[in-house]
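Subject: Structure for you to look at

Hello,

I am handing over the structure we spoke about.

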Amino acid sequence: MRTTRTVAALGAAAIAITLAACTAADAEPGSTASATSGAPEAPSEVTLVTHDSFYLPEDLIASFEAETGFALSVVAPGDAGALVNQLVLTQDAPLGDVVYGVDNTFASRAVEAGVFEGNLAEVDYSDVCLNYDLAFFADSSLEPPATIADIATPEYAPLTSVTNPATSSPGLAFLLATVAAMPDDWEGFWADAAGNGIRVTASWSDTYYTDFSAPNYGGDYPIVLSYASSPPFEVVDGEPTTAALLDTCFRQVEYAGVLANAANPSGAEAVVDWLLSDEVQAALPESMYVYPAVDGVDVPADWAAYAPLAESPFSVDPAEIDANREAWIETWTDLVIG
Amino acid sequence: MSDLDVAGLSVVYPGSPPVTAVDDVSLHVARGEIVALTGPSGCGKSSLLAGIVGVAAEQGSARVTGTVTWDGEDVTAMPVHRRGFGLVFQDGQLFEHLDVAANIGFGLRMARVPRDEREARVAALLETVALQGYGARRVDELSGGQRQRVALARSLAPGPRLLALDEPLSSLDAELRASLAVEIRRILTEAGATAIVVTHDLAEAEAMADRLVRMDAGRLVAGEA
Amino acid sequence: MRPARLLLALAPAAFVAAFALYPVGVVLVRGLGGDGLGGEGSGLDLAGTLAVLTEPRTLRAMWTTVYLSLAGTAVSLLLGLPAAWALYRLRWPGARTLRSVLSVPFVLPTIVVAAAFTALLGSSGPMGWLGWDQSPAAIVAALAFYNVSVVLRVVGTAWAGIDPRREAAAATLGASNWQVLRNVTLPALLPAIRSAAAVTFLFCATSYGVVLVLGGSRIATIETEIALQLTLFLDLRAAAVLAIVQLVFVGAVIALTGAGRTVGLSAAATGGRRARAAQTPAILAATLPAVALFAVPAIALVERSLRTADGHSLANFAGLLAQPERAALAVPVGQAILNSLAAGAVAAALAVGLGLLVVTLLAHQSRGARALDGIVALPLGVSAVVIGIGVLLAYSATALGGSWWLVPAVQTLVALPLAVRAMAPAARAVSPRARAAAASLGAGPWRVWRHVDWPALRAPAGVAAAFAFAVSLGEFGATSFVARPDAPTLTTAIYRLLGRPGIESVGQAFAASVVLAVMVAAVMMVSERAASARALEREWGGRA
């Protein structure tokens, strides 16, 4: 009896250890520390670190792998904000070879920490803007708001859902827009908005998919924080149902760059080139709802009609963002969440 | 008809097969009388005592049948705390978290006796059991004999109608037993208590009681008519 | 200590030093030294340190920690004490079964508990109408969910051990049932209640996964604030200051209450008296709240794991084996399960191996061995989050940087003290005379151990291995910092999936939670059946 049990336990332990060894081996390509740098053969895999909204069609990835001979693996440690912080925390043993999806609200932090090898390349951009429900304002005596300042008023604040800048990157972009639009009074704006009942959610999907009163969703808020590129997705029977308020926008630019200490720097370069290629650039609008950064790449036809860009989006100097980001978020938290 | 009347009392402990510890016992104790229940160990005398006081069900999930009456009032279904029957346990069962005075005064506190009256009564009882000045002691500082005297005083304090003593001396050494037996007799007589004392020691029984009742195998064998 | 023994002591001591003391030191030195994450130090900045302490965020986190822990402890006692009476003091059909069912939450990983309450209280959950999602009430309920088992174990066994004649004595003195309870039973239970409350308070105050998941962005305790300061603001100084606050706080609670030292339970639950039919309503009233607190979230979790866009099916479970859509997770959850099993096996083997060294030295009762015991227990008092951050910072630039082996390493730290506690009583019980006899018959030290000590340690070692394995499977706080996104464990995978919008990944999060819960419960059940877990229950009052 006892012997049988001991043998069984030993067997189980042996299996477990084997399992451990296999897992460790599987994990090796990702753990690109110093182990692989002296290896004789060139790495066959390249790891792209990105945010968790990343998506590109399978055939584009397949053609990249066919052309370069590298197998592409994608790792997403979190949303855009978490991505940068993970990169900084793990810079000595990076999560991969190349990054895509660091945006201008956070990039300076990563650059300053020395996360990147060489320069960053602009891959895409988008305008974070308030969107509104056309039908709601057609039926209402109320006009759609004209400026950001309007939504702090008792008429508009209760109709508006925005996202928390501490947890969502469009939320941070919109906070920066308010800072740029009202440099001296953005705190007063948020205090009024909070006092008048503006709604705050943790993430863009909560605000857009759950709260928006547009016909596709049926929530309770006719004004929500989203993107200038959102309205084309709300065209019903050839008619738009929503529109973006183009005077409320903050331009978000997303970058790609090679990570310092990358195990496969040449593969990383290849990924950056691929992201800037016409094929990928042309796929960006439909895949991730962003505008291609490379000039001369066509955008879908309905984007021209329903997703015009802001003519003069708000912007904040990256150095200023970097110096004040935490203080602004903290002030915002105190004013709005308390 | 005043006094204690036990009629057809049985105490059965569950199990397979169930154990009948007390088998159809009837017993009469007159007011002011001190009766000793004797017999070999395991004869059921402690179970009979527990059955009368009402703690048999509490102690070993025993099933009790028959009737116990006091002054003609059937107390069989009455909860223990309303019967007014005191019990001195073999090992005292003092409350370790209370001092000597609080142990003795416990029953008075339960009866909501005012503090002044309670303190006076406790002081008098400490004197009765010859433990003057011990009121503030912790009970775990006491010797075995002192503990049993505190247990006795504690049971006497609320003025029980009947006092039951379950082998009150068995945990003590022989010399102490003899002297404490005499002392218990004195204390009970002074208090005018009606009492049943369980003991397996015949000499002790004679020292403490007016009358001896012998039990064997769950039945009374002599002394009771 | 003799040189040979010193050598044996070296392995566990070195392990703890390498993966707990050194990394925590790195966090404190780099954080307080002002060099943050960059590299060059600007020296100790007292003003900056004080500024962190007086910031509204910090004060809010401290206050939140205190009130959530107090509320969690209060609710655990409120539900646990009556249930302890009904389940340990009374004997009735089903009481034993219910006792073992209600001890399950005790071993459930906190991330599973958090998932269960998300399933229950989230906007699409059966009790979503309460509006408790992301509220303190949800956190308190979840904390009580697993701490009721602590109260049951600690107070219940004490209650079963109370001599019923003590209460009968009070009744003969005229005390009614309530008076007996208030004046005799509760005072006798007070030490057990106090230590259950202290342990519960500590578990609540150091809870990470539950607060992180259920608190959302609005509710932060010291523990989650440490993580937040680092992952959201990259503020290592604030993280270090908060880590010290947490250390002082936990140390103070232990010093004031003796939590952890006094938890040793004296006797197994053998007492109890048969319940009377008339007590049925009281039994129901005493047990139903505790049973409901366990069953309702558990059922909600299972229901959500089966729910899909169109009805109920096993699709979420099948989906665990598929490559996840988009970039929610780099690998299928099935791979995360394998990762967890592998890490758990390595951690259990290490914990038992190192633990055997510790208890063997303890059995020889040298003063050095007791110090070693203390060193090994240290990680239990340090926040798991700080250990995880420390290991990440300390080893990133070394050959171990990014290595998968760091995962079982930090899990071993958490499991080791439990393994030691599981085996120590058996090791101490070995008679020195038996060893002397064996030696006098010509056995060398190794063969003495092999033939005298080991036979006594074999069964407890099995229990220790199971506990260590289960604890490692469920570890989240430290693991979340050292597990790489391309090699997630089951707990980090669940956390990632829970945070992803979309019914598919959330459904998978719930399915993965059910899988993890079943795995942990199965390990514990097998171990309890294989070896008598009583010795462990007696000795171990803690939880990872």
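I will start with a helix of chain C. At 1.5 Å a residue, the 12 residues of α16(C) should span 16 Å, and its end C-alpha atoms are 16 Å apart, which agrees. Please keep in mind throughout that this is a predicted model.

Is α16(C) largely enclosed by the rest of the structure, or open? It is largely enclosed, because 12 of its 12 residues are buried. The buried residues of α16(C) include C:Ala384, C:Val385, C:Ile387, C:Gly388, C:Leu392 and C:Tyr395.

Domains of chain C

Chain C is divided into domain 1 (1-44 + 314-544) and domain 2 (55-268 + 277-306). Where these two domains meet, domain 1 of chain C puts 42 residues into the contact and domain 2 of chain C puts in 46 residues. On the domain 1 side, the elements that each supply at least two residues are α1 (3-32), α16 (384-395), α19 (445-474), α21 (490-498), α22 (503-530) and α23 (534-539) of chain C. The helix that gives the most to this side is α22(C), with 10 residues. By class, the side of domain 1 of chain C that touches domain 2 of chain C has 24 nonpolar, 12 polar and 6 charged residues.

Nonpolar cores

Which residues touch the most other members in the largest nonpolar core? Of its 230 residues, they are A:Val98, C:Ala419, C:Met423 and C:Ala468. The largest share of this core comes from helix α14 (residues 333-363) of chain C, with 21 residues. Leaving out residues up to four places away in sequence, C:Met423 touches C:Gly355, C:Leu356, C:Val359, C:Leu457, C:Pro460, C:Ala461 and C:Ala464. Another core lies apart from the largest one; it has 79 residues, among them B:Leu27, B:Val35, B:Val80 and C:Ala171.

Chain B

The secondary structure of chain B comes to 8 helices and 10 strands. Its 225 residues would have a radius of gyration near 17 Å as a compact globule, and chain B has 17 Å, which agrees. Taken along the principal axes, the C-alpha atoms of chain B fill a box of roughly 50 × 40 × 35 Å. Of the 225 residues of chain B, 47% count as buried. Among contacts in chain B between residues at least 6 apart in sequence, 70% join residues at least 24 apart.

Chain B is divided into domain 1 (1-84 + 160-225) and domain 2 (93-157). The centres of the two domains of chain B, taken over C-alpha atoms, are separated by 23 Å. Their contact takes 11 residues from domain 1 of chain B and 8 residues from domain 2 of chain B. On the domain 1 side, helix α7 (residues 174-191) of chain B gives the most, with 5 residues. That side of domain 1 of chain B has 10 nonpolar, 1 polar and no charged residues.

Chain B also touches chain C, in a contact that takes 20 residues from chain B and 17 residues from chain C. On the chain B side, α2 (56-60), α3 (80-83), β6 (85-88) and α4 (100-110) each supply at least two residues. By class, the side of chain B that touches chain C has 11 nonpolar, 7 polar and 2 charged residues.

Chain A

Chain A has 12 helices and 10 strands. Of its 338 residues, 48% count as buried. Among contacts in chain A between residues at least 6 apart in sequence, 75% join residues at least 24 apart.

One residue of chain A to look at is A:Ile148, in the loop between α5 (134-139) and β5 (160-163) of chain A. Is A:Ile148 buried or exposed? A:Ile148 counts as buried, because it has 24 C-beta neighbours inside 10 Å. Not counting residues up to four places away in sequence, A:Ile148 touches A:Ala177, A:Thr178, A:Ala181 and A:Thr248. A:Ile148 and A:Cys249 are 101 residues apart in sequence, and their C-alpha atoms are 9.0 Å apart in space.

Regards

Technical notes:
Residues are numbered from 1 along each chain as its sequence is written. Chains are lettered from A and ligands numbered from 1 in the order in which they are written. This is a predicted model: local features need pLDDT of at least 70, side-chain atom pairs count only at pLDDT 80 or more; totals for chains, interfaces and linings use all residues. Domain bounds come from an automatic or database domain assignment. Two residues are in contact if their C-beta atoms, placed from the backbone, lie within 7 Å. Helices (H or I, at least four residues) and strands (E, at least two) are DSSP runs, numbered from the N terminus. Ala, Val, Leu, Ile, Met, Phe, Trp, Tyr, Cys and Pro count as nonpolar, Asp, Glu, Lys and Arg as charged, and the others, Gly among them, as polar. The radius of gyration is taken over C-alpha atoms; the globule rule is 2.2 Å times the number of residues to the power 0.38. A residue is buried if 20 or more other C-beta atoms lie within 10 Å of its own, exposed if 12 or fewer, and partly exposed in between; C-beta atoms are placed from the backbone. A nonpolar core is a set of buried Ala, Val, Leu, Ile, Met, Phe, Trp, Tyr and Cys residues joined through C-beta atoms within 7 Å. The expected span of a helix is 1.5 Å times one less than its number of residues.
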